[in-house]
Structures are given as structure tokens and as C-alpha cells.
Amino acid sequence: METLWQIEANIDDMNPQNMEYVFQKLLDLGVNDVWAIPMMMKKCRMASMLCVLCPEELIENAAALIFAETTSIGIRYFPVRRRICSREIETVCVDGEQIRCKISSYDGKVTNISAEYDDCRAAAARTGTALKEWQRKAKEEAYRLYGCKTATNC
């Protein structure tokens, strides 16, 4: 269990296209995660709540970036506790293509396997086979190879 900080900023009167730029700048700063939630503000104005998860030492830099790059005039921040799965990246070979897969485990048991989107997308573009087919095949192969790697019930 670790403690991180969640920063929230309500943003209206800003071109939504700019959010991608703000997200990338925050991620480049080293924050753990960034997301936005659609919301209604006073006078029923559509807006977004920008949320950032980061260690305490990044709060000031993240706040400065939010004020410089968005129309927000205030932020809130508070500590949050987080528990995460352990993660490993393994590569599987599917129809001659190398696809990375993220293997997530909790308490010694595999809880999820996901195929790397960019690898599946590239394989789909090279071969003409549907993206979702690459994702399915990669996941099946990863579960076959790694799904019982740490699980005790296999």
C-alpha cells in the first residue's frame, strides 16, 4: 500500500483539444496517471474535472503546469491510498509477430493479461487481419504461457 496525492482542477472555457497536450505534459513531468471527468458547472456549463495522481513531491510542479496550460483558477489536492497489482511485460509470438503482453498479479495469482495495443495495431496494419483478432490471439497465447505461472490452482 502506498500513499499518493490526487489533484483536481475544474476546467471550463478551454478548447477541449488542448487537454491532450496538458495530459502529455503532466505525464512527461512524471505523474502516475491523468484523467478527465465530464461535469456540469454553475449555470449548467459543460466542463471537465482534470484529475492527476502523483507523489507529494510533484504537487507544486503539477499545479504550476495546470495553471500555466489550462483555464483553471484553482486546484484541490488530497492524499489517497493505493494498492496495485504487480506487473510484468512478456512477449508472445503469434503468427510470426512479436506481441508484448502485460501480466498482472495480486497475492501471487495472475489477475489479468492484456495485449499491448501498439503491437497489435502494428500487426493488424502489416497483415490486414483485424486489430481485435490480434488482441484475442495474443491474449490467448499469453494466458496459455503465463496464465498459470504464479497461480496456485493450475
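Here is a short walk from the whole chain down to single residues.

**Before you click.** This is a predicted model, so to speak with its own ground rules: local features need pLDDT of at least 70, side-chain atom pairs count only at pLDDT 80 or more, and totals for chains, interfaces and linings use all residues. Residues are numbered from 1 along each chain as its sequence is written, and side-chain values use heavy atoms, with hydrogens and water left out.

**Colour by confidence.** Switch to pLDDT, the predictor's confidence in each residue, from 0 to 100. The protein chain averages 93, and 96% of the residues score at least 70. Now select 150-154: over these residues the pLDDT is below 50. Beyond near neighbours in sequence, that stretch has nine contacts in the model, a contact being heavy atoms within 4.5 Å.

**Switch to cartoon.** Trace the chain along its sequence and the pattern reads β-α-β-β-α-β-β-β-β-α-α.

**Zoom out.** The radius of gyration is 20 Å, well over the 15 Å that the globule rule gives for 154 residues, so the protein chain is more spread out than a compact globule. That radius is taken over C-alpha atoms, and the rule is 2.2 Å times the number of residues to the power 0.38. Draw a box along the principal axes and the C-alpha atoms fill roughly 55 × 40 × 30 Å. Among contacts with a separation of 6 or more, 57% are between residues 24 or more positions apart.

The accessible surface comes to about 9,600 Å², with 50% of it belonging to carbon and sulfur atoms; areas come from the Shrake-Rupley method with a 1.4 Å probe, and for residues only the protein chains shown count as cover. Buried residues make up 35% of the 154, where buried means under 20% relative accessible area, exposed over 50%, and partly exposed in between (1.4 Å probe, protein chains only).

**Two loops to select.** Go to the loop between β2 (33-41) and β3 (45-54), and pick C44. What is the phi of C44? C44 has a positive phi of about 60 degrees although it is not a glycine. At 60% relative accessibility, C44 counts as exposed.

Next stop is D95, in the loop between β5 (86-94) and β6 (97-106). D95, not a glycine either, has a positive phi of about 50 degrees. With 57% relative accessibility, D95 counts as exposed.

Definitions and conventions. Helix = DSSP H or I, 4+ residues; strand = E, 2+ residues; numbered from the N terminus.
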